[in-house]
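Have the sequence and the 3D view open, and try each task before you read its solution.

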Amino acid sequence: MITKLSQLDLTKTYSYADYVTWKLNERVELMKGLIIKMSPAPSSQHQSISMNLAGIIFQHLKGKNCKVFSAPFDVRLINKRKSTTDKEITTVVQPDLCIICDLKKVDERGCLGSPDLIIEILSKGNTKKELENKFDLYQENGVKEYWVVQPGDETVVVFDLIRGKYQYRKIYSNDGVVPVKVIKGLEIDLKEVFEI
């Protein structure tokens, strides 16, 4: 049984079938089969931002067909061949928040397929390479809207998927209001999000 990251070969590729057998204390993600160590426990500021966003979104979605989920929540992204068996899935991410409107994608293990919106809140441990990889991954897998929240300068960078490519929409500052394109009528006041 795998209980420590040191028991795994970090140069080898793995599948979701492997991932579900591990009993690790550390949180990891799989990106195209490679193990990516996640940052240690998020800061209190990170958690406050996440909870504020989740609360606003949850209230708006009550009684609607979409749901918001927060980490840790496994999102199994399907490769271009639409392979859905555990052995064929090689990408499992745990976004800080995601909105899913096709609830058939949700099962007891998380989400199988792409959420409609993914929100990542940056931590000190995030690397530029990790951000680039996730940007490419979410674009390839058809995530319609992608937000990167930067707690340090209290901004949100938003990308919209248009004809299969992410288009930069805007950087919203802490006094701005961000419209959520995938959810009609939902606008998020960033003053409430960055309130600690």
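## Exercise 1: Contacts and overall form

Among contacts (heavy atoms within 4.5 Å) in the protein between residues at least 6 apart in sequence, 53% join residues at least 24 apart. Before going on, please note that this is a predicted model, in which local features need pLDDT of at least 70, side-chain atom pairs count only at pLDDT 80 or more, and totals for chains, interfaces and linings use all residues. Residues are numbered from 1 along each chain as its sequence is written, and side-chain values use heavy atoms, with hydrogens and water left out.

**Task.** Describe the secondary structure, and find out why the radius of gyration agrees with a compact globule.

**Solution.** 
1. Begin with the elements: the protein has 4 helices and 14 strands. These are DSSP runs numbered from the N terminus, helices being H or I with at least four residues and strands E with at least two.
2. Next, apply the globule rule, 2.2 Å times the number of residues to the power 0.38, with the radius taken over C-alpha atoms. For 196 residues a compact globule would come out near 16 Å, and the protein has 17 Å, so the two agree.
3. Then look at the extent: along the principal axes, the C-alpha atoms fill a box of roughly 50 × 30 × 30 Å.
4. Finally, turn to burial, where buried means under 20% relative accessible area, exposed over 50%, and partly exposed in between (1.4 Å probe, protein chains only). Buried residues account for 44% of the 196.

## Exercise 2: The cysteines

**Task.** Which cysteines does a disulfide join, and is it right-handed or left-handed?

**Solution.** 
1. Search for cysteine sulfur atoms within 2.5 Å of each other, the criterion for a disulfide. The structure holds 1, joining C66 to C101 with an S to S distance of 2.0 Å.
2. Check the torsion about the S-S bond: it is about 105°, so the disulfide is right-handed.
3. Compare accessibility: C66 is buried at 12%, whereas C101 is partly exposed at 23%.
4. Now take C98, which is in no disulfide; its nearest cysteine sulfur, that of C111, is 6.2 Å away. C98 is buried, at 1% relative accessible area. C111 is likewise in no disulfide and is buried at 0%.
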